[in-house]
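I opened the notebook to look up how the parts of this assembly are arranged. Entries follow in the order I took them.

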Number of protein chains: 4
Amino acid sequence: MRFFQQKVKVGIAGVTGYSGEELLRILIRHPHAEVTYVAAREDRHCKIQSIFPYLEGKIDLDCRVMDAEDAARACDLIFLALPHSASMQVAPVLLDRGKSVIDVSADYRLKNPAWYPQYYQFEHTDSARLSQAVYGLSEYRRKDLRGAKLVANPGCYPTASLLGLLPLLEAGIRWSAPCILDAKSGVTGAGRKASQSLLFSEIAESFKAYKVMGHQHEAEIRQGLAFGSAANSPEQPFVFIPHLLPINRGILATIYVTPTAPVAPERLREIYTQRYAKEPFVKVLPDGEFPELRNVNGTNQCHIGVGVRKDTGVVVIVSAIDNLQKGASGQAVQNMNLMYGFDETAGLR
Amino acid sequence: MRFFQQKVKVGIAGVTGYSGEELLRILIRHPHAEVTYVAAREDRHCKIQSIFPYLEGKIDLDCRVMDAEDAARACDLIFLALPHSASMQVAPVLLDRGKSVIDVSADYRLKNPAWYPQYYQFEHTDSARLSQAVYGLSEYRRKDLRGAKLVANPGCYPTASLLGLLPLLEAGIRWSAPCILDAKSGVTGAGRKASQSLLFSEIAESFKAYKVMGHQHEAEIRQGLAFGSAANSPEQPFVFIPHLLPINRGILATIYVTPTAPVAPERLREIYTQRYAKEPFVKVLPDGEFPELRNVNGTNQCHIGVGVRKDTGVVVIVSAIDNLQKGASGQAVQNMNLMYGFDETAGLR
Amino acid sequence: MRFFQQKVKVGIAGVTGYSGEELLRILIRHPHAEVTYVAAREDRHCKIQSIFPYLEGKIDLDCRVMDAEDAARACDLIFLALPHSASMQVAPVLLDRGKSVIDVSADYRLKNPAWYPQYYQFEHTDSARLSQAVYGLSEYRRKDLRGAKLVANPGCYPTASLLGLLPLLEAGIRWSAPCILDAKSGVTGAGRKASQSLLFSEIAESFKAYKVMGHQHEAEIRQGLAFGSAANSPEQPFVFIPHLLPINRGILATIYVTPTAPVAPERLREIYTQRYAKEPFVKVLPDGEFPELRNVNGTNQCHIGVGVRKDTGVVVIVSAIDNLQKGASGQAVQNMNLMYGFDETAGLR
Amino acid sequence: MRFFQQKVKVGIAGVTGYSGEELLRILIRHPHAEVTYVAAREDRHCKIQSIFPYLEGKIDLDCRVMDAEDAARACDLIFLALPHSASMQVAPVLLDRGKSVIDVSADYRLKNPAWYPQYYQFEHTDSARLSQAVYGLSEYRRKDLRGAKLVANPGCYPTASLLGLLPLLEAGIRWSAPCILDAKSGVTGAGRKASQSLLFSEIAESFKAYKVMGHQHEAEIRQGLAFGSAANSPEQPFVFIPHLLPINRGILATIYVTPTAPVAPERLREIYTQRYAKEPFVKVLPDGEFPELRNVNGTNQCHIGVGVRKDTGVVVIVSAIDNLQKGASGQAVQNMNLMYGFDETAGLR
């Protein structure tokens, strides 16, 4: 563990969004962090504890209009929980002042700048830094995260998908028919924006697939799957379709792989249990058991169930996380712990 | 239209279950039916309108303990909305008395008697009649339903799956990698039984896959897919996994097919729009649109959206129904209409 | 019943709001109405069945931008399901063209023009017509509704409250301690507006009282209670507090009255059963039973349970309606039926 | 603070109920407690972490069939989260062995043994100890809790009601018209029992009042209100009616008091803010604000909003708690902290 006598002074930009709020909840009880700056674009200047009444008595801090210079003066590390394309305006200022940045948006996730106009409909204005940013899928990037200055925190769907699929690829299992990623998310995944399609009465007692013909997270999943493959190995095809659950939190991905060579159930189980045996935040469920969102919601855990279907040999992996914890703010704090050499679980139990 | 001067006298066994209750709601306003008998196993003898207060003023009928002889005396047609393995005790008595039966349970759905012990854990005691029962997937069995005496009403998952997949097979499209049927159902699909796993607090704000390694409806789907294939054509492999949605009603199945030869999007759309052009209860959504449960719940409609994924050529079909209507009681009444030669939509608009 | 050979041509302004949509659902299957005009403020010109896909095959009509002259040309009767203060701009044009109007907003509910700035924050621009408008609490205004040209359809909270309380007042029961109206409403009561406070994640798994210090419906309740009192009798004090339920539909009001003289339970029951004995849409529940929203939702029924608390003598009345049916669009159609002399229940069973 | 070198060894009987599970969640991270015994009546002998998968890695303990002697051997303090009438069988054995008991059921809450047959339908078999049991409404019984051996933990409804009403009584405010306690609770308040009325589909999208003519918690509220009154002062009348919310957690009570003498809004605010100024777990909201369940759920906080209605002078108090935390297990741990002289907030932040 690295020597670190004082607490890290941390700031949160976009604190009134769901990810920002969750970051604040976690960080105010983190043993090695002190929240010294919080900002939100739209909110009038006021106390953060008056916006979130349950924080009364736990923190006393003004909620400001985001200003990168102010943030740089007040903090060592700034979490950017901003809408896509906003982070790349702010991060350069912070990094130039020598500050560290964990970006919860997609702005630094993709290595290929050409993917931004294609998947996110904007030109990247800080593309030089894309190669420096560490993609913060904690369980697969520990070494790079240590001492990193700019971390691109993974998206919620990619986190659930990659934690579910990467062990297969690392074990050399391949497929030619496309792998199916059928993912279902709670509503907070869409952010706290006043949109008619997110109204209670549009969602309660309903369910739907969305962006069926293509979702921006595919680029990130595609890039992430390359982590698990040997260099120059061919891309493994997949189809990803998200669905909207009438619940607040949680992502559950049901993953179907038709392997090119049969995989024995015992071998499959061994692959997963070995890969995640020492991981504090990934739990492979016992044989025959599969995850439920209520067992991961409110925690930074990823639960994974695996099995092989008898007649078809299809490998089924079910992966579940809390989209605001392991899928966003929890993993962001896990990454902070890894950057600074703290106990990886600090503030996350 | 067949000549039919008087109303059909109908009975409902298992009227206090969700399917039975829905049958009653539909039948009391059906122009060609008169409900003359309702029964429930457990309930004490009382008026049905005191069990369901919203029926007050619409019907006045005793709810009895099920007795096949009584039912035969009171009705021409009896709907059996009983637990699996109970219908096969009752149906023979009714049929022997010359009555017609629409069985909403699984007891007469499978042609192969050996599948009952394998998938439902009971030996069939009336297996001779399995071959006579008409499998009531209305849109695919109209001729056989006309004048039928025993109809096996399809399960909710098979209805959504088969309406989604059969047009592909009929059009000669084949696949070798298993087709994926990722299905999600509301809670009423599990019936009104006092089980801890169905308690509000176990389900609200949660989500899970269940019976991941095998669900009894697979036998029915497998059998149903043969409807769409030429005789002696090889079975098309599939994997079916159900999930439990924290809502009351509705099934949405996301279906992924990797065809052996590429299918153009226009061709796919043509296959579905042509197949269902004249169907009163199946609607193929416009290009780029996919179903939402709130648009089918409370109706006997099946909504289907189709598309081809660009990079992989995977055909995606999303099929949505109300599990208690098109997935059970609505389709049962549609089948009654077909049996008796009534307008197919009578009582279902 | 009045002679009426042809169907009434009806229009709906504000058809994309929850009340407007519900009106459309009811009116397209109404035996004496033909929907000839639908309009919505914001929506681009398109077919109404493409906005509400479940209407496909049931109606084929353009959804227009509201224009009073167009509406007057196309219809005999126009339902105004517009935001407050919009109806009073449109109604005069329609009425001057000799058309009939049922206004679902609050614009013509209050007799006292001074209450509009006080309770609704706008000056009334058509105050001369306030006295002509018939307050459409159907069960208490039948005579006035017959042949009426302008009907002010009651609010959802006032409907539940007044149907619950008026029998007591009519029976001469009085109170000096304020009567408590503790009301709970589903989310559609707030309309389909993109507001952050109505997002799924702000409401699901939560509950709150709102407008605790005063809600605009109090004026309407106060005015309505006068219906039940003899002329010049003193106002009976009350406190009304609304709460927001995490469900789509339904209002349940729990009403507490401390009568100045004791009321025997049998007498209380007699008051309610007699008052509502012949009402098709109000049901007084049996002794000891109280309403549940699931028994009234989707219907135009009001369910009422009554009882007297032993030790305190407090009279408890629980009144439940579907806020979009009896609390808005259902009652509006009931009023149409009364205006034109149709069977009061036409289109509402 | 009392000298206490070692951790208290604690046991939980009824650990698979909602209160028991919540106790376990809290106690495994409590700095001064070590969970050494957990028991459940029905469950087969197995590991507690296999029943609650999210506990994996946090605890390793057998879940046993409850045996008072075993519990006494393993623990210093036993929490009884058992059904009513079961605790009074077990508590005497534990107390006779010198152990401490916090009973989460109603068995030791009422001082008057005659109230048990009247309100709970059983004769009390350990009535001698009723007078010794300390009623654990923490904020009002600190002195008595210090060193107590038997604590009767308050019910969820009484906790919300009494925290809301007692400051008024302590301040000498009286009423003659009955105070109205209109309370709404999430479903976990009913416990984890497989009852048809608690099924998801019976509760979702619905709402109802229940036990309208009388609920067993009235006895406890009546007794509790006496805490705030001077000796021999007359009982203040009230009516309590509970309602069932379609959510998992939380109780919100809307309380209406018509005081015999007018209370100024500033005076009312002063009464509450002064009474609870130093309380770590009770927060009086700013003027004009009222509680929402989502701000208290998951915490041991009680949020209270107060106001005076202008025209009627009715005092309105809205009190909100998480029924499983401050309404049960959280308060039980708060009481443990007080019994042993720990920091009152230990384990509860």
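How far apart do the C-alpha centres of domain 1 of chain A and domain 2 of chain A lie? I read off 25 Å between the two centres. I note that the model is predicted.

**Domains of chain A**

I looked up the bounds next. Domain 1 of chain A is made of two segments, 8-154 and 327-340. Domain 2 of chain A runs over 157-323.

Domain 1 of chain A gives 17 residues to the contact, and domain 2 of chain A gives 23 residues.

Which helices supply at least two residues each on the domain 1 side? I found α5 (115-120) and α12 (325-340) of chain A. The largest share of that side comes from α12(A), with five residues.

I sorted the domain 1 side by class. I got nine nonpolar residues, five polar and three charged.

**Chain A and chain B**

I superposed chain A on chain B.

**Chain B and chain C**

I repeated the superposition for chain B on chain C. I again needed a rotation of 180 degrees, with 0.0 Å of shift along its axis. The RMSD came out at 0.0 Å. This is the relation of a two-fold axis.

In chain B, the C-alpha nearest this axis belongs to E205(B). I noted its distance from the axis as 4.0 Å.

Why do I say that chain B and chain C meet through the same surface? I found that 90% of the interface residues of chain B are also interface residues in chain C, so the copies meet through the same surface.

Conventions. Residues are numbered from 1 along each chain as its sequence is written. Chains are lettered from A and ligands numbered from 1 in the order in which they are written. This is a predicted model: local features need pLDDT of at least 70, side-chain atom pairs count only at pLDDT 80 or more; totals for chains, interfaces and linings use all residues. Copies are superposed by least squares on the C-alpha atoms of residues with pLDDT of at least 70 in both. Two residues are in contact if their C-beta atoms, placed from the backbone, lie within 7 Å. Domain bounds come from an automatic or database domain assignment. Helices (H or I, at least four residues) and strands (E, at least two) are DSSP runs, numbered from the N terminus. Ala, Val, Leu, Ile, Met, Phe, Trp, Tyr, Cys and Pro count as nonpolar, Asp, Glu, Lys and Arg as charged, and the others, Gly among them, as polar.
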